[in-house]
Amino acid sequence: MDRDEAEALCSAGVLDAACAAFALRRETLKQLDDYEGCANLVWQAQRGVEPVFLRVSFRPERTAALIQAELDFVLYLAGHGVRVARPLPSVSGALIEPLGP
């Protein structure tokens, strides 16, 4: 899937699903600028009153296992005193939620 297809999917309901899955306030979503070749689309949002970021990965080589490994590493760093942005779980407690087709 390319960036244009991913953005079309996001505007066609994936963002609504993401907001429901992660308890984000839909009206607060603001897409951040990206660059050619990046593997994610990123939005700033609010979860309650807390500012958060939503990352949507769309490239086929970015498997759930690879993303989970990245999140595990970030959590490891946080657990060992490194200041990082911790991933937030979804409403169901998962760090990764499949949202598209």
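Mentor: Before we start, one cut-off: a residue is called buried under 20% relative accessible area and exposed over 50%. And keep in mind that this is a predicted model.

Trainee: Okay. What do the elements of the protein look like, from the N terminus on?

Mentor: They run α-β-β-β-α, so you're looking at two helices and three strands, going by the DSSP runs.

Trainee: And how much of the protein counts as buried?

Mentor: Of its 101 residues, 27%.

Trainee: Which residues of α2 are buried?

Mentor: I67, L71 and A78. They cover an arc of only 35 degrees around the axis, which means they sit on the same side of α2.

Trainee: Which residues are exposed on the other side of α2?

Mentor: There you'll find A65 and G79, both exposed.

Trainee: What covers the buried residues of α2?

Mentor: The cover includes strand β3, residues 50-57. To read cover like this, look for heavy atoms within 4.5 Å.

Trainee: Last one: which residue with a positive phi follows α2?

Mentor: That's G81, with its phi near 90 degrees.

Terms used. Residues are numbered from 1 along each chain as its sequence is written. This is a predicted model: local features need pLDDT of at least 70, side-chain atom pairs count only at pLDDT 80 or more; totals for chains, interfaces and linings use all residues. Side-chain values use heavy atoms; hydrogens and water are left out. Helices (H or I, at least four residues) and strands (E, at least two) are DSSP runs, numbered from the N terminus. Buried means under 20% relative accessible area, exposed over 50%, partly exposed in between (1.4 Å probe, protein chains only). The arc is that of the directions from the helix axis to the C-beta atoms.
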